[in-house]
Amino acid sequence: MDYSEFIGQVQHRLELGKQGKTVRAIRATLTTLGERLQEGEATDLAGPLPMEIDWYLENAESGQRFDYDEFVSRVADRASVERDEANFYAQSIVSLLAEVVPEGEFQQVRQQLPEEYDPLFKLVGVEFD
């Protein structure tokens, strides 16, 4: 999947009219996820993503420990949206990652996160019309 297709998929899932807001949502989610994952895991997750997107995961300060509430707060702050919207953004983007990243790699990411992060994976496997 190339950059334009990835952006288009996210834009469709989030039902956003502007590409700038879509890129902000991707940056906010992937940077925050990259901060929460261990460095090697963030890099592995980034591997199959377009070069313009994987940068957010690879350049985050990996290995930080924070709960899901803090995760959503960071996404909300970075995307300049309310928490409910930030949660939906993160869930939608992670659902796309589940389609793009090899299943084994995606499962390693999921296993690395504690149970309280289960809401992040709520939309994995859901069809977006």
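Predicted model: local features only at pLDDT ≥ 70, side-chain atom pairs only at ≥ 80, totals over all residues.
Me: How many aromatic pairs does a search of the whole structure find?

Reply: Five aromatic pairs turn up.

Me: What describes a pair of aromatic rings?

Reply: Two things: the distance of the centres and the angle of the planes. Now try it here. The ring centres of Tyr68 and Tyr117 are 5.3 Å apart, and their planes make 75 degrees, so you'd call this pair edge-to-face. Planes over 60 degrees apart count that way.

Me: Are Tyr68 and Tyr117 buried or exposed?

Reply: The cut-off for buried is under 20% relative accessible area. Tyr68 has 10% relative accessibility, so it counts as buried. Tyr117 is buried too, at 0%.

Me: Which residues form one aromatic cluster?

Reply: Tyr68 and Tyr117 again, together with Phe71.

Me: How do I read Phe106 and Phe121?

Reply: Use the distance and the angle again. Phe106 and Phe121 are 5.8 Å centre to centre with 80 degrees between the planes, an edge-to-face pair. Phe106 lies in helix H7 and Phe121 in the segment after H7, 15 residues apart. Phe106 counts as buried at 5% relative accessibility, and Phe121 is buried at 5% as well.

Me: What sits over the ring of Phe66?

Reply: That's the charged end of Arg74, 3.8 Å from the ring centre.

How values were computed: Residues numbered from 1 in each chain as written. Heavy atoms only, no water. Phe/Tyr/Trp six-rings, centres within 6.5 Å; stacked < 30°, edge-to-face > 60°. Buried < 20%, exposed > 50% of the residue type's maximum accessible area, 1.4 Å probe, protein only. Helix = DSSP H or I, 4+ residues; strand = E, 2+ residues; numbered from the N terminus. Lys NZ or Arg CZ within 6 Å of the ring centre and 35° of its normal.
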